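Reader: Got a model open here and want to talk through the fold. Can you walk me through it?

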Amino acid sequence: MLTIDSAIVDAIVAHARRDHPDEACGVVAGPIGSDLPTRLIPMDNAARSMTFYEFDSMEQLRVWREMDDNDEEPVVIYHSHTATEAYPSRTDISFAGEPGAHYLLVSTRESDSEEIRSFRIVDGVVTEEEINIVDATVDA
């Protein structure tokens with residue numbers, strides 16, 4: 001299960017809406033081994049495509065080095081689908097290179113609502129998981 005703060009989800013959706021009709025993409029970093037997404041890192045879609053996303057190689061290198069320096073790892077890798085459901089495409093599956101990450105997809109195909117889903121992708125196998133959206137400003 002992915003547990004994620006509502007403010008981060010709202011920011012991911014806003015990024016997806018802002019970049020529409022192109023796919024948006026980015027990472028949510030968290031402390032190594034915690035499975036806790038804490039720092040949103042919106043990235044540029046170097047492909048500038050409505051059907052495909054690609055991290056800019058120099059930006060990705062900078063972001064991964066920054067995470068390494070901060071003892072962080074990519075807990076969530078997110079992107080949007082602009083005309084289809086929030087489910088990994090064959091291309092998404094083939095490029096999923098972080099077996100420990102949650103792959104969060106947002107569909108912006110409807111202008112008045114979003115579909116948000118999370119998956120684990122390991123060795124080409126896609127497993128959907130539940131998303132627990134929490135409000136971190138409220139102590140439980």
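Reader: What is the bridge partner of H81 in strand 5?
Author: S107 is the bridge partner of H81. Keep in mind that this is a predicted model.

Reader: How many bridges join strand 4 to strand 5, and do they run parallel or antiparallel?
Author: Six bridges, and the two strands run parallel. Strand 4 covers residues 72-81.

Reader: What's the strand order in the sheet?
Author: The order is 3-2-4-5-6-7, in an open sheet of six strands with mixed pairing. Strand 3 and strand 7 (125-129) are the edges, each pairing on one side only. From one strand to the next, the twist averages 30 degrees.

Reader: And the helices? What does helix 1 touch?
Author: Helix 1 (residues 6-19) packs on the sheet against strands 2, 3, 4, 5 and 6. Its direction makes about 5 degrees with that of strand 3. Helix 2 also packs on the sheet, touching strand 2, strand 3 and strand 4. For helix 2, the angle with strand 3 is about 170 degrees.

Reader: Switching to the core. Which residues touch the most other members of the largest one?
Author: I41, M43, F55, M67, I77 and Y103, out of 17 residues. Strand 2 (25-31) gives the largest share, three residues.

Reader: What does M67 touch, leaving out residues up to four places away in sequence?
Author: V27, A29, R39, I41, E72, E73 and P74. Another core, of 14 residues, lies apart from the largest one; L2, V9, I12 and A16 are among its members.

Reader: Which residues does UniProt list for the MPN domain?
Author: Residues 2-125, in an unreviewed entry. That stretch is 27% helix and 33% strand.

Key
Residues numbered from 1 in each chain as written. Predicted model: local features only at pLDDT ≥ 70, side-chain atom pairs only at ≥ 80, totals over all residues. Heavy atoms only, no water. UniProt positions renumbered as here; feature names shortened; annotations may be inferred. Helix = DSSP H or I, 4+ residues; strand = E, 2+ residues; numbered from the N terminus. Core = buried A, V, L, I, M, F, W, Y, C linked by side-chain atoms within 4.5 Å. Buried < 20%, exposed > 50% of the residue type's maximum accessible area, 1.4 Å probe, protein only. Contact = heavy atoms within 4.5 Å. Pairing = 2+ DSSP bridges. Axes fitted to C-alpha atoms, helices over the stretch in contact; angles between N-to-C directions.
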